[in-house]
Amino acid sequence: MYVAVKGGEAAIRNAHKLLADRRRGDRSVPAIGLDQIVEQLALAVDRVMAEGSLYDTELAALAVKQARGDMIEAIFLVRAYRTTLPRFGYTKPVETSQMAIERRISATFKDLPGGQLLGPTFDYTHRLLDPELAEDAPVDVPDQRVEAPEHMPRVMDILDQDGMIEADGIMPEGVQTGDLTREPLTFPLERDLRLQALARGDEGFLLGLAYSTQRGYARSHPFAGEIRIGEVEVELEVAELDFPLTLGRIRLTECQMVNQFKGSSKQSPQFTRGYGLVFGQSERKSMSMALCDRALRARELGEDITAAAQDEEFVISHSDNVQSTGFVEHLKLPHYVDFQAELDLVRRMRAEHESQNNQISEAAE
Amino acid sequence: MTELATYNFAYLDEQTKRMIRRAILKAIAIPGYQVPFASREMPMPYGWGTGGVQVTAAIIGPKDTLKVIDQGADDTTNAVSIRAFFQKVANVPVTTRTTEATIIQTRHRIPETALAAGQTLVYQVPIPEPLRFLEPRETETRKMHALEEYGLMHVKLYEDIARHGHIATTYAYPVKVEGRYVMDPSPTPKFDNPKMHNSPALQLFGAGREKRIYAIPPYTEVVSLDFEDHPFEIQTFSQPCALCGAKGSYLDEVILDDKGGSMFVCSDTDFCEERQAAGHRGELSAPQAEAAE
């Protein structure tokens, strides 16, 4: 006698109870607070905000906690929440030249108006594990600059003055910037939608692609023209008001890559741009994004498309980690029915193969 | 409930539902054509039925009765999870009986019991593009559909015959809808293909990750692709269901031990249970008295 398996409902309930238990871990260890995550795991929070496309440190911290530190799971939680939020409208473009800067470096000029400002960076730290961090050792108060910072024009604007670099694109009059969360993507994409997709794209995926361009798969001779990190104001135009309303400030990382361009019969040689802009502090992501953006401009700039990083449909269709993880992991779901169909076919083909072989060996005898 | 935890009826906001309904109406108007829609992030992963869930959420009302199956069964984990989702966010009555449901959301199967007019079958679709594994680029496949250029698909089926002696596609077997669009029926076994033809029920297909909706309106011609000398055939099983004795239903193989022992049972659990309740028995079913307990 055979009794079919039942009880999916109870199994799911119990599994989730166990998950909650494992999430909490040893009860004698104090539970981690959202403020601790926001303050002490700030870059994890930044990544969740960036790829979750929702700027809210507390919600991102909650997602990190709920996901037990699994970043893609946390990003997914934030995305699923974000999609339920009503839209009030679209803000004005943020003005990164007016950024309250915490870090700003240029790899193309030794000195420039506003200077180089290292800010809170891992760069030049020696990656030696610090045993003191295992305890709550007191941390020195950092030195603060006394005078107001000098204005820091963007490196690209400086280069732009003598036409050494292509002009920053301006959206034609009356064109509404696309919104990939509201309209399905149709290839080929305009650069606005492509940049949106890259901004929420998986850091690891874009990093790998960016690296591939440096190793010769669509090499574009990049220089980090400028990376700046700091806060910008977010402003919304409200119909009843004749001035934009400031909603608040967000921290951004902006990367402008300067790339070579041969020029053409119509155009004298000049540098081209690759652009990266990411929520929070993430140089790796913004630099990867800028390299990918430049590689993906191959069609626009009339370059040969020879490498994966230049292939828009390939890159954009696979850069979203919430989509990727869902589809890869869906292989966990039952596939009994299709597998049965394949079993049946392979058995039949094996039987046919065997009978053919038998006939051949009989004929040979 | 806190303010954060309240959602609209059937989870999606009404604007989104309207957008999805417009896509559904367009899909019904052009049978088999894949309509792009602005698929939302859902609270379950892409690839786990987000397209089907969005279609169901857009069409379900308080008077509907919902059935959710995965692999033909009502009690597989993902079916349980999706059914629980709609109970939570739409508070609709649910059923496991095919005949009682007004909306049936499915993954990989079409119920054995014939559907009736007024019922809607919602398919969860992973890859909506039947030409995708022949041509990975969306820009190309859209062109091929527009030009009705399906030669590549016939070449693929022909190569199967040349290599294996028969068509080696067993599930997601391509169909032509109303003489125009070649369509992917989702990964249902080809056994289920004939059920789509001239069905009195409305069939809706939702692909969330790929952002496409398509449809087969009631009483629409659905033809599985084949050749005159190699006509389309469905799977047959050499034995009846071990629990209800049904012949001609799609069977799952269940492994019984590690010595090669296995049994075949209906993949459609409701169909199998109804038959058992009506007194049908298979060779491995419980004796009558025990089953009655």
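A residue counts as buried if 20 or more other C-beta atoms lie within 10 Å of its own. By that cut-off, 8 of the 8 residues of strand β4 (residues 272-279) of chain A are buried, so the strand is largely enclosed by the rest of the structure. The model is predicted.

**Strand β4 of chain A**

- In a regular strand the side chains alternate between the two faces of the sheet.
- Both faces of β4(A) are covered.
- On one side the buried residues are T272(A), G274(A), G276(A) and V278(A).
- Strand β3 (residues 245-259) of chain A runs antiparallel to β4(A) and is joined to it by 8 bridges.

**Contact between chains A and B**

- Chain B contributes 45 residues to the contact and chain A contributes 39 residues.
- On the side of chain B that touches chain A, the elements giving two or more residues are α3, α4 (138-146), β10 (251-255) and β11 (262-266) of chain B.
- Of these, α3(B) gives the most, with 4 residues.
- The residues on this side of chain B divide into 19 nonpolar, 15 polar and 11 charged.

**Helix α1 of chain A against helix α3 of chain B**

- The axes of α1 (residues 8-24) of chain A and α3 (residues 77-89) of chain B come within 9 Å and cross at roughly 80 degrees.
- Angles of 65 to 115 degrees count as roughly perpendicular, and α1(A) and α3(B) are therefore roughly perpendicular to each other.
- From α1(A), the residues that take part are G8(A), E9(A), A11(A) and I12(A).
- They meet T77(B), V80(B) and S81(B) in α3(B).
- The residues of this helix contact divide into 3 nonpolar, 3 polar and 1 charged.

**Open sheet in chain B**

- Strands of a sheet pair through backbone hydrogen bonds, either parallel or antiparallel.
- An open sheet of 3 strands in chain B has the order β6-β5-β9, and its pairing is antiparallel.
- Its edge strands are β6 (181-183) and β9 (222-224) of chain B, each of which pairs on one side only.
- Neighbouring strands of this sheet are turned by 35 degrees against each other on average, direction ignored.
- Strand β5 (residues 175-177) of chain B is joined to β9(B) by 3 bridges, and the two run antiparallel.
- Within that pair, V175(B) has S224(B) in β9(B) as its bridge partner.

Technical notes:
Residues numbered from 1 in each chain as written. Chains lettered and ligands numbered in written order. Predicted model: local features only at pLDDT ≥ 70, side-chain atom pairs only at ≥ 80, totals over all residues. Pairing = 2+ DSSP bridges. Axes fitted to C-alpha atoms, helices over the stretch in contact; angles between N-to-C directions. Parallel < 35°, antiparallel > 145°, perpendicular 65-115°, else oblique. Contact = placed C-beta atoms within 7 Å. Nonpolar A, V, L, I, M, F, W, Y, C, P; charged D, E, K, R; others polar. Buried ≥ 20, exposed ≤ 12 C-beta atoms within 10 Å, placed from the backbone.
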